[in-house]
Amino acid sequence: MTVRFNHTVVAAKDKVRSANFLAELLGLPEPQPFGHFLAVKLGDGVALDYMQTDGDIPGQHYAFLVSDDVFDSLIAKIRERGIQHWADPRGQRSGEINTHDGGRGVYFQDPSGHFMEAITVPYGGW
């Protein structure tokens, strides 16, 4: 049996703002309602289903493998909008990108405090 990732729920203080933030930065289709969720469709049939919550939201980590073109567009939008970003997960290299495994990567936070990462080459090169 083949196992593939299909979707996950992402808690958000404002699901519309958070879903639109990610979709716009990554150049994805407009988020679509799905029950009480707002779904951001990624490639390969995977979705992030944003759910509104009033409770505390512990920051989660979401990493995206993107093409060089998407990365170029993403980093340009991040810089144009003054979105804080880092080359490392601990936030010690502010305003930089990394070049791990011959690719490029960047970390940034979404409006709900989740830690987003975009990379152009999978870690380990696989």
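**Loops, core and pocket**

Analyst: Happy to. Aspartate 101 is found in the loop between strand 6 (85-86) and strand 7. Please keep in mind that this is a predicted model.

User: Is aspartate 101 buried, partly exposed or exposed?

Analyst: The phi of aspartate 101 is near 55°, a positive value in a residue other than glycine. Its relative accessible area is 42%.

User: Let's go inside. Which element gives the largest share of the largest nonpolar core?

Analyst: That core has 24 residues, and those with the most contacts inside it are Leu48, Tyr50, Phe64, Leu74, Ile78, Val106 and Phe108. Elements giving two or more residues to this core include strand 1 (7-12), helix 2 (68-80) and strand 8 (115-119). The largest share, six residues, comes from helix 1.

User: What does isoleucine 78 touch, leaving out residues up to four places away in sequence?

Analyst: Isoleucine 78 is one of the core residues with the most contacts inside the core. With residues up to four places away in sequence set aside, the residues touched by isoleucine 78 are Ile83, His85, Val106 and Phe108.

User: How is the aromatic pair of phenylalanine 21 and phenylalanine 108 arranged?

Analyst: The count comes to one aromatic pair. Phenylalanine 21 and phenylalanine 108 lie 6.3 Å apart centre to centre, with 55° between the planes. The pair links distant parts of the chain, 87 residues apart, with phenylalanine 21 in helix 1 (residues 15-26) and phenylalanine 108 in strand 7 (residues 105-109). Both are buried, and the arrangement of the pair is tilted.

User: Last one: which element gives the largest share of the lining of the largest pocket?

Analyst: The largest pocket has a volume of about 480 Å³. Its lining has 16 residues, with Leu42, Gly43, Val46, Phe64 and Leu65 nearest the centre. By class, twelve of the lining residues are nonpolar, two polar and two charged. The largest share, four residues, comes from strand 5 (residues 61-65).

Note on methods. Residues are numbered from 1 along each chain as its sequence is written. This is a predicted model: local features need pLDDT of at least 70, side-chain atom pairs count only at pLDDT 80 or more; totals for chains, interfaces and linings use all residues. Side-chain values use heavy atoms; hydrogens and water are left out. On a 1 Å grid over the protein atoms alone, a cavity is a set of points where a 1.4 Å probe fits but cannot get out, and a pocket is an open set with protein on both sides within 12 Å along at least five of seven lines; lining residues have an atom within 4 Å of a point. Grid points are joined across faces, edges and corners, and a volume is the space filled by probe spheres set on the points. Ala, Val, Leu, Ile, Met, Phe, Trp, Tyr, Cys and Pro count as nonpolar, Asp, Glu, Lys and Arg as charged, and the others, Gly among them, as polar. Rings of Phe, Tyr and Trp (its six-membered ring) pair if their centres lie within 6.5 Å; planes under 30 degrees apart count as stacked, over 60 as edge-to-face and the rest as tilted. Buried means under 20% relative accessible area, exposed over 50%, partly exposed in between (1.4 Å probe, protein chains only). A nonpolar core is a set of buried Ala, Val, Leu, Ile, Met, Phe, Trp, Tyr and Cys residues joined through side-chain atoms within 4.5 Å. Contact means heavy atoms within 4.5 Å.
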